[in-house]
Amino acid sequence: MKIKISENAGQNYLSSLSKFMPINWPWLHVMKIISNEVLEVETDHLFSNQFNTSTIAKDDNDLNRLLAKFDVPANDLEKVKSILTGNGIRAMHNIVDSVVDDIRLNLRKCRWCGGGSEKDYKGDTCLECGKSEYYYKFVPHANKSVRDQGVFLQEVKV
Ligand SMILES: [Zn+2]
């Protein structure tokens, strides 16, 4: 499962800030750097409106290629490198253009213990904690224009 990052990720991040929120400059640089990139998603914990990516820069070649896309100010360079080579980022839906090989549809997710489910499991009880009260599944979003974007799903009680 992968996500295609929007070409306007930097602008979208800025637009998401409320008036008095300071700009996180290294983060903004990273948003510009990953614009148009296709990033691998960690699938252990899935969400309807955000994604945990795996490490963005897999090796030095990758890191150099990414850094060449945008002139990072020297004082932010180390922070930007550590984000790119770290354990991945949380990508909110507003910087994601599309999801490639989305595995979420119909998967179950437990809001109690965080347990997921195998693709074919159709039960109504979490296999990890045994509870059913907090068991949800991913379905297409009810709002057609949101659904058509193909990024946002909805979680409904199983
Ligand atoms: Zn559970």
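Guide: Two residues are in contact if their C-beta atoms, placed from the backbone, lie within 7 Å. By that criterion, 60% of the contacts in the chain between residues at least 6 apart in sequence join residues at least 24 apart. The model is predicted: local features need pLDDT of at least 70, and side-chain atom pairs count only at pLDDT 80 or more, whereas totals for chains, interfaces and linings use all residues. Residues are numbered from 1 along each chain as its sequence is written.

The setting comes first. The chain contains 5 helices and 8 strands, where helices (H or I, at least four residues) and strands (E, at least two) are DSSP runs numbered from the N terminus. Read from the N terminus, the elements follow the order β-α-α-β-β-α-α-β-β-β-β-α-β. Along the principal axes, the C-alpha atoms fill a box of roughly 55 × 35 × 30 Å. Of the 158 residues, 23% are buried; a residue is called buried if 20 or more other C-beta atoms lie within 10 Å of its own, exposed if 12 or fewer, and partly exposed in between, with C-beta atoms placed from the backbone.

The part you asked about is the largest nonpolar core. Such a core is a set of buried Ala, Val, Leu, Ile, Met, Phe, Trp, Tyr and Cys residues joined through C-beta atoms within 7 Å. This one has 22 residues, among which Ile3, Val30, Ile34, Ile95 and Val96 touch the most other members. At least two core residues come from each of β1 (2-5), α1 (9-16), α2 (25-33), α4 (77-85) and β5 (96-100).

Residues up to four places away in sequence aside, Val30 touches Val80, Ile83 and Leu84.

How do α1 and α2 meet, in distance and angle? Their axes come within 7 Å and cross at roughly 140°; axes are lines fitted to C-alpha atoms, for helices over the stretch in contact, and angles run from 0 to 180 degrees between N-to-C directions. On the α1 side the contact involves Ala9, Gly10, Tyr13 and Leu14, and on the α2 side Trp27, Leu28, Met31 and Lys32. These residues divide into 6 nonpolar, 1 polar and 1 charged, where Ala, Val, Leu, Ile, Met, Phe, Trp, Tyr, Cys and Pro count as nonpolar, Asp, Glu, Lys and Arg as charged, and the others, Gly among them, as polar.

Two of the contributing strands also belong to a sheet. Three strands form an open sheet in the order β2-β1-β5, with antiparallel pairing; two strands pair if DSSP finds at least two bridges between them. β2 (38-40) and β5 are the edge strands, each pairing on one side only. Neighbouring strands of this sheet are turned by 30° against each other on average, direction ignored. The antiparallel pair β1 and β5 is joined by 4 bridges, and Ile5 stands opposite Val96 in β5.

Between them, 9 residues of domain 1 are in contact with 10 residues of domain 2.

β6 (108-110) pairs with β7 (135-140) over 3 bridges; Cys110 stands opposite Tyr135, and Lys109 opposite Tyr136. Five bridges join β7 to β8 (153-157), where Pro140 faces Leu153.

Finally, Tyr134 lies in the loop between β6 and β7. Tyr134 is partly exposed, with 16 other C-beta atoms within 10 Å. Residues up to four places away in sequence aside, Tyr134 touches Cys110, Arg111 and Trp112.
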